[in-house]
Amino acid sequence: MRAGLQRAGCGGRPPPSDHGAPADHQRCRLRRAGAAHRRHLPPIFYGLGSDGTVGANKNSIKIIGGDTDNYAQGYFVYDSKKSGSVTVSHLRFGPNPIRSTYLIDSANFVACHQWEFLQKFDLLDAAQTGATVLLNTPFDDPQETWMRLPQAIQQVIVDKQLKVSAINAYKVAREAGMRNRINTVMQTCFFALSGVLPREAAIAAIKQAIRKTYGKKGEDIVNMNIKAVDSTLGNLFEVPIGTPAAEGMPYTWVPDTAPPFVCDVLGQLMARKGDEVPVSALPVDGTYPSGTSKYEKRNVAQEIPVWDPNVCVQCGKCVMMCPHAVIRSKVYDSGALESAPSTFKHTRAKDRAWSDQQFTIQVAAEDCTGCALCVEVCPAKNKAEPSKKAINMEPQLPLREQERTNWDFFLQLPNPDRTHLNLHKISHQQMQEPLFEFSGACAGCGETPYIKLATQLFGDRMLIANATGCSSIYGGNLPTTPYTHNAAGRGPAWSNSLFEDNAEFGLGFRVSVDKQSIQAIELLKSLTLDLDEDSHIPQDLAVSLLNNAQANEADIAEQRGWVESLKQHLENWLAVLNSNGAVSPTGLRNRLVNLKSLADYLVRKSVWIVGGDGWAYDIGYGGLDHVLASGRNVNVLVMDTEVYSNTGGQMSKATPRAAVAKFAAGGKPAPKKDLGLMAMTYGNVYVASVAMGARDEHTLRAFLEAESYDGPSLIIAYSHCIAHGINMAKGMEQQKMAVESGRWLLYRYDPRKAEQCENPLMLDSRTPKRSLEAAMYSENRFKMLLRSKPEDAKKLLQQAREDVSARWHMYQYLAARNPADETSLPTHQGYQVGHGLVPNGAAKAQAEGKRPTAVPTEGATSEDSASPTKTPA
Ligand SMILES: Cc1ncc(C[n+]2csc(CCOP(=O)(O)OP(=O)(O)O)c2C)c(N)n1
Ligand code: SF4
Ligand code: SF4
Ligand code: SF4
């Protein structure tokens, strides 16, 4: 992916007058200074997606192209990962017009903003002899920085006589309060080293750009950036060039142990050598092997969580919330520890179901993004050190080697038997292997925990139709694939369709799968129960296969066993036909072959239609509505970030009133569309509104219920996002605030309840207890309106309060209704007229003499149905 930006100053045009308006004085000074320092400068910057490198370079272009008489051009090359991949900024400045866009292959300045890249590829390839190199080093000592450089890089530095400077930019950024945002620090170093402008003028221009860029985000952010600029140059040092080490490792993107396709094709793409891969090396039908993100080992985290087994209460929350499937738990027999590495941590399992077993929480250090969501949600406090929890963030680099070994050991420990897990308990359920891991979503993304959860529960028999959006990008952007498979080779089948037809696309999956299982059933019957002559398939096997309800993991495991047995019988039967050479009855051989190829469709498949709110509420809504109305057994997961996140945060119909978004710069004037309520009017659609950060067990329960419902299901999942202007480490806390303030409701609408004479709507949120104002203004998307248009903000806040209150009252009313009181209402097409939310199953049950009773579903907790009584503040 390439993007260009070109700016020109006054070169080639009449010189600016020095007698311009006062506002122009600064520009004029810069113009003269720029002319004095004028040179043709082609620098290249290697950054990490989302570390701000591209943004900072755009600012540099504006400074140089706008405020000096240089021409300037920026050309940015990056892949489609949401964050955490290599971004390359090709910048050109000079006195002559730049008439074309092209990449720089001979640079006199090369900046490497991530130390990791030095081990991965030859980023000094384009450096001219005598060029300047700027490194972001994790080491404070100049000598150590030289010693730690890979041998290949040292050699190039010596051969090309490069001048190397370095700074521990992460340290400087952290000390300025900017966490991992190193862009301002590295930009200051660039101006200081490149001499494109005199230092003083450059620093003044950077500060001016900071005020312009971050002014809207608040004074704190501006001050942090200015603090970072001020402390940068004191930390910049020259690296002494020594003798290169005698030997070193070659550049590696993927380990040698990876499968050949990963080494030869995907590895090449990762090493930025995709242009050298022949077309013939790519899969002819467009299918790609799954489970390849694990080979990337991006090492993007500065800090990773470190587990303290003595403090851990073994709740599994950290595992559930991790957006990247990096932190995992296992229970296993102590005998498995015989070959454990000395640093591998474990403790006795606390759960009575595993009383004689060992328990471990393990982190994939090299895949961690350092988002710290897991630490934030950990409920266990270290009594001896109250500031600590059962997991705490610590620097990654010193732990990398040991945790790599520990992770490899952890992976080869057996996974617990899925059929013995209590799936209503987070600590049990989170032992299920995730079949979606290490995606390129932003660090701390609020969408991915939902996808990961779905793959843990159903991934081994799941088909996913993915609407275009963040989920299609982090779900399937080459070169690697985060969807993966278990040891038996089973994992989600995934495909992305258009933004506007994804629901229909997923419905097609259902229709196709159903057709194939019907064919398999017909063939099985015709080859056993209906066959005139002797069948080689035992009748009891056929009966078992046909009668299994496949209602839980144990049933499904049993069905899989029977399918394997069926395939074996079919193979034996075919062998008999082949060996005796007898002419088989018409079509028998074909029917056997067909059944063998369709036998897997005797196992229940789980079809998921997945996307964001832009898809579900707006552009794909017509199709979604059509699919919900079809009555077919599909599960729709809407990850509601309340904006079009993938394209930079445009307003959708899910955007709440008063939030600032693109196309709603003055705060959205209209309320959020109630997609769930619209779906409930069908009466036969399972609908749930969830927020994992607010009630994780509720989310889990909704997923289980939705999938088990033999009809359309819709889960609307609140997903925090970088577009909200929040500290992403606190994303789950933001979700909680949204629920506790009444801005987001938790509920489930289960049409099966009506069959038991119950109200199908269960309002699972508690009475809102938090101030809506405080919850909203904890997010920059709301707060920024307060700064830019305080009067409008006040008005919209009041309207938002009214929205929340009205919606709360309506849901409270609907959830409190007693279906038994409503049997006299007229019915139309199976639903009570005027009360579309109560299917007349309740009326039917009443008419049949069943008493309306409150029957708790399996695994219910006392918290599951709140009795909301108060009105939100
Ligand atoms: C018909 C069409 N319009 C626009 C786009 C560009 N586009 C791709 S993803 C996206 C935003 C998706 O937003 P949303 O559905 O909310 O998902 P999110 O990115 O928030 O997960 C847009 C506008 C497109 N692919 N197709
Ligand atoms: S820091 Fe983030 S990515 Fe790393 S384990 Fe914790 S939640 Fe997962
Ligand atoms: S969240 Fe904390 S207490 Fe719970 S399993 Fe993870 S580390 Fe242990
Ligand atoms: S949903 Fe938001 S946080 Fe997640 S990947 Fe998209 S932009 Fe990033």
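Predicted model: local features only at pLDDT ≥ 70, side-chain atom pairs only at ≥ 80, totals over all residues.
Figure 1. If we look at contacts with a separation of 6 or more, 75% of them join residues 24 or more positions apart. The close-ups below visit some of the helices, loops and ligand surroundings of this chain.

**Figure 2. Helix α15, residues 448–458.** How many of the residues of helix α15 are buried? Eleven of the eleven are, so this helix is largely enclosed by the rest of the structure. You can follow the buried residues along the helix: T448, P449, Y450, I451, K452, L453, A454, T455, Q456, L457 and F458. Here is a general point to keep in mind while looking at a helix. An α-helix has 3.6 residues a turn, so residues three or four places apart point the same way.

**Figure 3. Where α15 meets α24.** The axes of these two helices come within 11 Å and cross at roughly 50 degrees. Are they parallel or oblique to each other? Angles from 65 to 115 degrees count as roughly perpendicular and those under 35 as roughly parallel, and α15 and α24 are therefore oblique to each other. Their crossing is right-handed. On the α15 side, the contact is made by Y450, L453, A454, L457 and F458, while α24 brings T699, L700, F703, L704 and E707. Sorted by class, this contact has eight nonpolar residues, one polar and one charged.

**Figure 4. H698 in helix α24.** Stay with α24, residues 696–708, and find H698 within this helix. Is H698 buried or exposed? The cut-off for buried is under 20% relative accessible area, so H698, at 1% relative accessibility, counts as buried. Leaving out residues up to four places away in sequence, H698 touches S689, V690, L746, Y747, R748 and D764.

**Figure 5. Helix α25 and the elements packed against it.** Helix α25 covers residues 731–740, and eight of its ten residues are buried, leaving the helix mostly covered. The buried ones are G731, M732, Q734, Q735, M737, A738, V739 and E740. What do these buried residues pack against? Their partners are α11 (317–321), α12 (373–377), α15, β21 (713–718) and α27 (772–776). Just after α25 comes G742, with a positive phi of about 85 degrees.

**Figure 6. The pair α17 and α18.** Helix α17 (residues 502–527) packs with helix α18 (residues 539–547) at an angle of about 155 degrees, and their axes are 10 Å apart. Since angles over 145 degrees count as roughly antiparallel, α17 and α18 are roughly antiparallel to each other. The way α17 passes α18 is a left-handed crossing. I521, L524 and K525 of α17 make the contact with A542, L545 and L546 of α18. This contact has five nonpolar residues, no polar ones and one charged.

**Figure 7. W354 in its loop.** Look for W354 in the loop between β11 (347–348) and β12 (358–363). W354 is buried, with a relative accessible area of 8%. Which residues does W354 touch, not counting those up to four places away in sequence? They are V331, A349, L421, S427, H428 and M431. Y332 is 22 residues from W354 along the chain, yet the C-alpha atoms of the two are separated by 8.5 Å.

**Figure 8. Two loop residues with a positive phi.** Most residues other than glycine have a negative phi. N299 is not a glycine, but has a positive phi of about 50 degrees. N299 lies in the loop between α10 (260–270) and β9 (303–307), and is buried at 7% relative accessibility. C757, also not a glycine, has a positive phi of about 65 degrees. C757 sits in the loop between α26 (751–755) and β23 (761–763), and is buried with a relative accessible area of 4%.

Figure 9. Ligand 3 is surrounded by 13 residues, and the closest are C312, C315, G316, C318 and C378. The shell around ligand 3 divides into eleven nonpolar residues, two polar and no charged. Around ligand 4 you will find K82, A441, C442, C445, E447, C470, Y474, T641, S645, C721, I722 and M728. This shell has eight nonpolar residues, two polar and two charged.

Technical notes:
Residues numbered from 1 in each chain as written. Chains lettered and ligands numbered in written order. Heavy atoms only, no water. Buried < 20%, exposed > 50% of the residue type's maximum accessible area, 1.4 Å probe, protein only. Helix = DSSP H or I, 4+ residues; strand = E, 2+ residues; numbered from the N terminus. Near = heavy atom within 4 Å. Nonpolar A, V, L, I, M, F, W, Y, C, P; charged D, E, K, R; others polar. Axes fitted to C-alpha atoms, helices over the stretch in contact; angles between N-to-C directions. Left-handed = near helix turned anticlockwise from the far one by under 90°. Contact = heavy atoms within 4.5 Å.
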